[in-house]
Amino acid sequence: EGFVIGAGGLGRALSDRLSRLCPDLDVTLCSRRLEPREGWCVDLESQESLLSLQTRLQADSLPLRLVINATGLLHGSSSSGAPVMPEKRLQQVTPEALQASFSINAMAPLLLARAVEPCLDRQSPFHFASLSARVGSIGDNRSGGWYAYRAAKAAQNMMLRSLSIEWARRYPRATVLMLHPGTTDTPLSKPFQAFVPPDALFTPERAAAYLLDVLLQQGPDQSGSFLAWDGQPIPW
(Lines give C-alpha, C1' and ligand atoms only; values in the text may rest on other atoms or scores of the structure.)
Protein backbone atom coordinates (compact mmCIF):
# COMPACT_ATOMS: atom_id res chain seq x y z
CA GLU A 1 0.00 0.00 0.00
CA GLY A 2 1.30 3.48 -0.88
CA PHE A 3 0.20 6.98 0.10
CA VAL A 4 0.84 10.38 -1.45
CA ILE A 5 0.07 13.23 0.94
CA GLY A 6 -0.84 16.46 -0.83
CA ALA A 7 -3.21 16.80 -3.76
CA GLY A 8 -1.63 19.78 -5.49
CA GLY A 9 -0.40 19.50 -9.06
CA LEU A 10 2.73 17.56 -8.17
CA GLY A 11 1.03 15.34 -5.60
CA ARG A 12 -1.64 14.27 -8.06
CA ALA A 13 0.98 13.66 -10.77
CA LEU A 14 3.01 11.53 -8.35
CA SER A 15 -0.07 9.52 -7.39
CA ASP A 16 -1.09 8.95 -11.01
CA ARG A 17 2.37 7.94 -12.19
CA LEU A 18 3.00 5.71 -9.19
CA SER A 19 -0.24 3.87 -9.92
CA ARG A 20 0.94 3.25 -13.48
CA LEU A 21 4.51 2.30 -12.56
CA CYS A 22 3.50 -0.05 -9.75
CA PRO A 23 0.11 -1.54 -10.70
CA ASP A 24 0.31 -4.00 -7.80
CA LEU A 25 0.61 -1.13 -5.31
CA ASP A 26 -2.66 0.22 -3.92
CA VAL A 27 -2.00 4.00 -4.10
CA THR A 28 -4.11 6.46 -2.08
CA LEU A 29 -4.01 10.24 -2.50
CA CYS A 30 -4.51 12.24 0.70
CA SER A 31 -5.21 15.93 1.25
CA ARG A 32 -7.01 18.13 3.74
CA ARG A 33 -9.42 19.28 1.00
CA LEU A 34 -10.15 16.10 -0.94
CA GLU A 35 -13.64 14.87 -1.53
CA PRO A 36 -14.11 11.52 0.26
CA ARG A 37 -14.58 9.68 -3.02
CA GLU A 38 -11.17 10.93 -4.26
CA GLY A 39 -9.02 9.67 -1.41
CA TRP A 40 -8.41 10.20 2.27
CA CYS A 41 -8.72 13.54 4.04
CA VAL A 42 -5.56 14.18 6.09
CA ASP A 43 -4.55 17.48 7.67
CA LEU A 44 -0.87 17.34 8.61
CA GLU A 45 -1.31 20.29 10.97
CA SER A 46 -3.98 18.48 12.99
CA GLN A 47 -2.92 15.90 15.56
CA GLU A 48 -6.46 14.53 15.55
CA SER A 49 -6.27 14.00 11.79
CA LEU A 50 -2.88 12.32 12.03
CA LEU A 51 -4.14 10.02 14.78
CA SER A 52 -7.12 9.13 12.57
CA LEU A 53 -4.70 8.30 9.73
CA GLN A 54 -2.69 6.07 12.05
CA THR A 55 -5.82 4.27 13.22
CA ARG A 56 -7.00 3.66 9.65
CA LEU A 57 -3.59 2.35 8.60
CA GLN A 58 -3.40 0.00 11.56
CA ALA A 59 -6.83 -1.36 10.70
CA ASP A 60 -5.83 -1.94 7.06
CA SER A 61 -4.69 -5.42 6.09
CA LEU A 62 -2.30 -4.28 3.34
CA PRO A 63 1.41 -3.81 4.20
CA LEU A 64 2.58 -0.20 4.12
CA ARG A 65 5.30 0.12 1.46
CA LEU A 66 5.54 3.80 0.54
CA VAL A 67 4.62 7.27 1.81
CA ILE A 68 5.40 10.44 -0.13
CA ASN A 69 4.84 13.85 1.45
CA ALA A 70 4.11 16.32 -1.36
CA THR A 71 2.87 19.21 0.78
CA GLY A 72 4.52 22.62 1.11
CA LEU A 73 3.91 26.29 1.79
CA LEU A 74 5.84 29.06 0.01
CA HIS A 75 3.22 31.79 -0.28
CA GLY A 76 -0.43 32.35 0.55
CA SER A 77 -1.78 32.57 4.06
CA SER A 78 -1.33 30.80 7.35
CA SER A 79 -4.09 28.89 9.14
CA SER A 80 -4.75 32.10 11.11
CA GLY A 81 -5.11 34.08 7.89
CA ALA A 82 -1.77 35.91 8.14
CA PRO A 83 -0.13 36.51 4.74
CA VAL A 84 2.89 34.39 3.80
CA MET A 85 5.33 35.49 1.10
CA PRO A 86 9.06 34.85 0.62
CA GLU A 87 10.98 37.69 2.26
CA LYS A 88 13.45 39.80 0.30
CA ARG A 89 14.84 41.52 3.41
CA LEU A 90 14.89 41.15 7.15
CA GLN A 91 12.18 43.71 7.88
CA GLN A 92 9.66 41.62 5.96
CA VAL A 93 10.04 38.69 8.37
CA THR A 94 7.01 38.09 10.62
CA PRO A 95 6.45 35.60 13.44
CA GLU A 96 3.20 34.45 11.80
CA ALA A 97 4.88 33.58 8.50
CA LEU A 98 7.76 31.83 10.26
CA GLN A 99 5.35 29.74 12.31
CA ALA A 100 3.21 28.90 9.26
CA SER A 101 6.23 27.84 7.20
CA PHE A 102 7.74 25.72 9.96
CA SER A 103 4.38 24.10 10.68
CA ILE A 104 3.86 22.69 7.19
CA ASN A 105 7.41 22.59 5.74
CA ALA A 106 9.35 21.29 8.76
CA MET A 107 7.11 19.85 11.47
CA ALA A 108 4.45 18.18 9.29
CA PRO A 109 6.77 15.66 7.56
CA LEU A 110 8.16 14.45 10.89
CA LEU A 111 4.74 14.23 12.49
CA LEU A 112 3.54 12.27 9.46
CA ALA A 113 6.42 9.84 9.97
CA ARG A 114 5.44 9.51 13.64
CA ALA A 115 1.87 8.68 12.60
CA VAL A 116 2.84 5.93 10.16
CA GLU A 117 5.65 4.40 12.23
CA PRO A 118 3.40 2.00 14.21
CA CYS A 119 2.35 0.48 10.88
CA LEU A 120 5.89 -0.43 9.79
CA ASP A 121 7.17 -3.98 9.69
CA ARG A 122 10.84 -4.47 10.58
CA GLN A 123 11.18 -7.19 7.96
CA SER A 124 9.50 -5.32 5.08
CA PRO A 125 10.90 -2.67 2.72
CA PHE A 126 9.47 0.81 3.18
CA HIS A 127 10.14 4.18 1.53
CA PHE A 128 9.37 7.50 3.19
CA ALA A 129 10.06 10.48 0.92
CA SER A 130 9.34 14.15 1.48
CA LEU A 131 9.65 17.09 -0.89
CA SER A 132 12.41 19.43 0.19
CA ALA A 133 13.98 22.26 -1.83
CA ARG A 134 17.43 23.25 -3.01
CA VAL A 135 16.90 26.64 -1.38
CA GLY A 136 16.86 24.74 1.93
CA SER A 137 20.55 23.93 1.42
CA ILE A 138 22.72 26.00 3.77
CA GLY A 139 25.86 25.26 1.74
CA ASP A 140 24.18 26.29 -1.53
CA ASN A 141 22.69 29.56 -0.21
CA ARG A 142 24.34 32.36 -2.16
CA SER A 143 21.49 34.83 -2.56
CA GLY A 144 19.91 35.07 0.92
CA GLY A 145 16.30 36.07 1.50
CA TRP A 146 13.38 33.68 1.73
CA TYR A 147 14.11 33.32 5.45
CA ALA A 148 11.09 31.30 6.53
CA TYR A 149 11.01 28.87 3.61
CA ARG A 150 14.76 28.26 3.52
CA ALA A 151 14.97 27.70 7.27
CA ALA A 152 11.92 25.44 7.42
CA LYS A 153 13.20 23.21 4.62
CA ALA A 154 16.64 23.06 6.26
CA ALA A 155 14.93 22.07 9.51
CA GLN A 156 12.97 19.36 7.70
CA ASN A 157 16.22 18.00 6.30
CA MET A 158 17.78 17.79 9.75
CA MET A 159 14.72 16.10 11.26
CA LEU A 160 14.44 13.51 8.51
CA ARG A 161 18.18 12.88 8.53
CA SER A 162 17.87 12.09 12.25
CA LEU A 163 14.84 9.92 11.50
CA SER A 164 16.83 7.94 8.95
CA ILE A 165 19.45 7.15 11.59
CA GLU A 166 16.84 5.99 14.11
CA TRP A 167 14.95 3.90 11.57
CA ALA A 168 18.19 2.30 10.34
CA ARG A 169 18.38 0.67 13.76
CA ARG A 170 14.70 -0.08 14.26
CA TYR A 171 13.52 -0.67 10.68
CA PRO A 172 16.65 -1.65 8.73
CA ARG A 173 14.77 -2.03 5.44
CA ALA A 174 13.33 1.52 5.58
CA THR A 175 14.59 4.27 3.27
CA VAL A 176 14.11 7.95 4.15
CA LEU A 177 14.65 10.51 1.38
CA MET A 178 14.45 14.28 0.95
CA LEU A 179 13.79 15.14 -2.69
CA HIS A 180 14.09 18.41 -4.62
CA PRO A 181 11.68 18.33 -7.58
CA GLY A 182 13.15 21.27 -9.50
CA THR A 183 11.02 24.26 -10.42
CA THR A 184 7.64 22.78 -11.25
CA ASP A 185 4.76 24.58 -12.96
CA THR A 186 2.34 24.59 -10.03
CA PRO A 187 0.62 27.36 -8.06
CA LEU A 188 3.44 27.17 -5.47
CA SER A 189 6.04 28.39 -7.97
CA LYS A 190 3.77 30.48 -10.21
CA PRO A 191 4.75 33.94 -8.85
CA PHE A 192 8.45 33.13 -9.26
CA GLN A 193 8.64 31.65 -12.76
CA ALA A 194 9.50 34.81 -14.70
CA PHE A 195 13.25 34.22 -14.64
CA VAL A 196 13.16 30.43 -14.98
CA PRO A 197 14.37 29.22 -18.43
CA PRO A 198 11.60 27.31 -20.23
CA ASP A 199 13.63 24.10 -20.28
CA ALA A 200 14.12 24.34 -16.50
CA LEU A 201 10.41 24.67 -15.72
CA PHE A 202 8.96 21.17 -15.39
CA THR A 203 5.37 20.14 -15.82
CA PRO A 204 4.06 18.23 -12.79
CA GLU A 205 4.05 15.05 -14.85
CA ARG A 206 7.70 15.50 -15.86
CA ALA A 207 8.77 16.30 -12.30
CA ALA A 208 6.86 13.28 -10.98
CA ALA A 209 8.58 11.01 -13.50
CA TYR A 210 12.02 12.28 -12.48
CA LEU A 211 11.29 12.02 -8.76
CA LEU A 212 9.92 8.49 -8.91
CA ASP A 213 12.83 7.34 -11.06
CA VAL A 214 15.18 8.62 -8.35
CA LEU A 215 13.10 7.33 -5.44
CA LEU A 216 12.73 3.79 -6.76
CA GLN A 217 16.48 3.49 -7.27
CA GLN A 218 17.29 4.23 -3.60
CA GLY A 219 17.48 1.66 -0.83
CA PRO A 220 18.41 1.53 2.85
CA ASP A 221 22.07 2.27 2.06
CA GLN A 222 20.99 5.65 0.69
CA SER A 223 18.56 6.43 3.54
CA GLY A 224 18.93 9.98 4.82
CA SER A 225 19.96 11.39 1.43
CA PHE A 226 19.03 14.86 0.13
CA LEU A 227 18.71 14.42 -3.64
CA ALA A 228 17.73 16.52 -6.63
CA TRP A 229 15.33 15.42 -9.34
CA ASP A 230 18.27 14.10 -11.39
CA GLY A 231 19.57 11.95 -8.56
CA GLN A 232 22.47 14.25 -7.69
CA PRO A 233 23.15 14.88 -3.98
CA ILE A 234 22.55 18.41 -2.69
CA PRO A 235 24.86 19.86 -0.03
CA TRP A 236 23.35 20.34 3.41
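This is a predicted model: local features need pLDDT of at least 70, side-chain atom pairs count only at pLDDT 80 or more; totals for chains, interfaces and linings use all residues.

Residues are numbered from 1 along each chain as its sequence is written, and side-chain values use heavy atoms, with hydrogens and water left out.

**Sheet**

An open sheet is formed by 7 strands in the order β3-β2-β1-β4-β7-β8-β9, with parallel pairing. Its edge strands, β3 (40–41) and β9, each pair on one side only. Helices (H or I, at least four residues) and strands (E, at least two) are DSSP runs, numbered from the N terminus, and two strands pair if DSSP finds at least two bridges between them. Between β7 and β8 there are 6 bridges in the parallel sense; Phe-126 stands opposite Ala-174 in β8, and Ala-129 stands opposite Leu-177 in β8.

Because 7 of the 7 residues of β8 are buried, this strand is largely enclosed by the rest of the structure. Buried means under 20% relative accessible area, exposed over 50%, and partly exposed in between (1.4 Å probe, protein chains only). Ala-174, Val-176, Met-178 and His-180 are buried on one side of β8, and Thr-175, Leu-177 and Leu-179 are buried on the other, so that both faces are covered.

**Nonpolar cores**

A nonpolar core is a set of buried Ala, Val, Leu, Ile, Met, Phe, Trp, Tyr and Cys residues joined through side-chain atoms within 4.5 Å. The largest core has 35 residues, among which Leu-64, Val-67, Leu-112, Phe-126, Phe-128 and Trp-167 touch the most other members. At least two residues of this core come from each of β1 (2–5), α2 (47–59), α3 (95–116), β7 (126–131), α4 (147–170), β8 (174–180) and β9 (225–228), and α3 gives the most, with 8 residues. Leaving aside neighbours within four places in sequence, the contacts of Leu-64 (heavy atoms within 4.5 Å) include Phe-3, Leu-57, Val-116 and Phe-126. A second, separate core of 25 residues includes Ala-7, Ala-13, Leu-18 and Leu-179.

**Cavities**

On a 1 Å grid over the protein atoms alone, a cavity is a set of points where a 1.4 Å probe fits but cannot get out, and lining residues have an atom within 4 Å of a point. A volume is the space filled by probe spheres set on the points, which are joined across faces, edges and corners. The structure holds 2 cavities of 30 Å³ or more.

| Cavity | Volume |
|---|---|
| Largest cavity | about 60 Å³ |
| Second largest cavity | about 40 Å³ |

The elements that give two or more residues to the lining of the largest cavity are α3 and α4. For the second largest cavity, β7 and α5 (204–217) each supply at least two lining residues, and β7 gives the most, with 3 residues.

**Two loop residues**

Trp-146 lies in the loop between β7 and α4 and has a positive phi of about 50° although it is not a glycine. At 24% relative accessibility, Trp-146 counts as partly exposed. Pro-23, in the loop between α1 (9–21) and β2 (27–31), is exposed, with a relative accessible area of 64%. The C-alpha atoms of Pro-23 and Met-107 are separated by 32 Å, and the two residues are 84 residues apart along the chain.

Technical notes. On a 1 Å grid over the protein atoms alone, a cavity is a set of points where a 1.4 Å probe fits but cannot get out, and a pocket is an open set with protein on both sides within 12 Å along at least five of seven lines; lining residues have an atom within 4 Å of a point.
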